[in-house]
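Visitor: I have a structure open here and have not looked at it before. Could you walk me through it?
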Amino acid sequence: RRNYDFTRYGGENNNMLARRVARFLKMLEDDPADCVIAFAHAGVLQCALDLVMGCKIDRSHLRCPNGSAAAFRYENGRWSLEGWGLGL
């Protein structure tokens, strides 16, 4: 989990995931909709959090349990975190 270059069984490593999530966020930046809802597993949410915050976040201090939600906002050319681990 700590080695971002490790690829298990020909799958996707953490660096590859980060590039995919970054492409998705960029796609949302260009979307004309006022609000977009996306469903993903915690790994994608945590990766998006890292990208939005600009650093790797220690997951032991910021949990996102199954069935919870995260809220991000894109405004004036910047992403921000609006909510994390929110109950539905």
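Guide: Let us start with one residue. Glu12 has a relative accessibility of 39%, so Glu12 counts as partly exposed. Bear in mind that this is a predicted model.

Visitor: Which residue does Glu12 form a salt bridge with?
Guide: The partner is Arg20, and the closest N and O atoms are 2.7 Å apart. Arg20 is partly exposed, with a relative accessible area of 37%.

Visitor: How many salt bridges does the structure hold?
Guide: There are 4 salt bridges in the structure. One of them joins the side chains of Glu29 and Lys26, at 3.6 Å from N to O.

Visitor: Where do Glu29 and Lys26 lie?
Guide: Both are in helix α1, which covers residues 14-29. They are 3 residues apart, about one turn of the helix. Glu29 is partly exposed at a relative accessible area of 25%, and Lys26 is partly exposed at 45%.

Visitor: Which residues are linked with them in a network of salt bridges?
Guide: The network links Lys26, Glu29 and Asp30.

Visitor: What about Glu82, which side chain does it meet in a salt bridge?
Guide: Glu82 meets Arg73, again in a salt bridge, with 3.6 Å from N to O. Glu82 has 46% relative accessibility and counts as partly exposed. Arg73 is partly exposed too, with a relative accessible area of 40%.

Visitor: Let me step back. How many helices and strands are in the protein?
Guide: The protein has 2 helices and 2 strands. Their order from the N terminus is α-α-β-β.

Visitor: What share of the residues count as buried?
Guide: Of the 88 residues, 23% count as buried. The accessible surface of the protein is about 6,900 Å², and carbon and sulfur atoms account for 51% of that surface.

Visitor: Which residues make up the largest nonpolar core?
Guide: That core has 10 residues: Leu17, Ala18, Val21, Leu25, Leu28, Val44, Cys47, Ala48, Val52 and Trp79. Helices α1 and α2 (42-53) each supply at least two residues of the core. The largest share, 5 residues, comes from α1.

Visitor: Take Leu28. What does it touch, leaving out residues up to four places away in sequence?
Guide: Leu28 touches Val36 and Trp79.

Visitor: On to the rings. How many aromatic pairs are there in the whole structure?
Guide: A search of the whole structure finds 2 aromatic pairs. Phe72 and Trp84 form an edge-to-face pair, with 6.5 Å from centre to centre and 75° between the planes.

Visitor: Why does that pair tie together parts that are apart in sequence?
Guide: Phe72 is in strand β1 (residues 69-75) and Trp84 is in strand β2 (residues 78-86), so the pair ties together parts 12 residues apart in sequence. Phe72 counts as partly exposed at 24% relative accessibility, whereas Trp84 counts as buried at 13%.

Visitor: And the rings of Tyr74 and Trp79, why is that pair tilted?
Guide: Their planes are at 50°, with the centres 5.1 Å apart, so the pair is tilted. Tyr74 is partly exposed, with a relative accessible area of 33%.

Visitor: Last topic, the loop between α2 and β1. Which glycine is found there?
Guide: Gly67 is found in that loop. Gly67 is exposed, with a relative accessible area of 58%.

Visitor: How far apart are Gly67 and Gly85?
Guide: They are 18 residues apart in sequence, and their C-alpha atoms are 8.7 Å apart in space.

Visitor: What share of the contacts with a separation of 6 or more comes from residues 24 or more positions apart?
Guide: Those residues account for 33% of such contacts in the protein.

Technical notes: Residues are numbered from 1 along each chain as its sequence is written. This is a predicted model: local features need pLDDT of at least 70, side-chain atom pairs count only at pLDDT 80 or more; totals for chains, interfaces and linings use all residues. Side-chain values use heavy atoms; hydrogens and water are left out. Rings of Phe, Tyr and Trp (its six-membered ring) pair if their centres lie within 6.5 Å; planes under 30 degrees apart count as stacked, over 60 as edge-to-face and the rest as tilted. Helices (H or I, at least four residues) and strands (E, at least two) are DSSP runs, numbered from the N terminus. Buried means under 20% relative accessible area, exposed over 50%, partly exposed in between (1.4 Å probe, protein chains only). Contact means heavy atoms within 4.5 Å. Accessible areas come from the Shrake-Rupley method with a 1.4 Å probe; for residues, only the protein chains shown count as cover. A nonpolar core is a set of buried Ala, Val, Leu, Ile, Met, Phe, Trp, Tyr and Cys residues joined through side-chain atoms within 4.5 Å.
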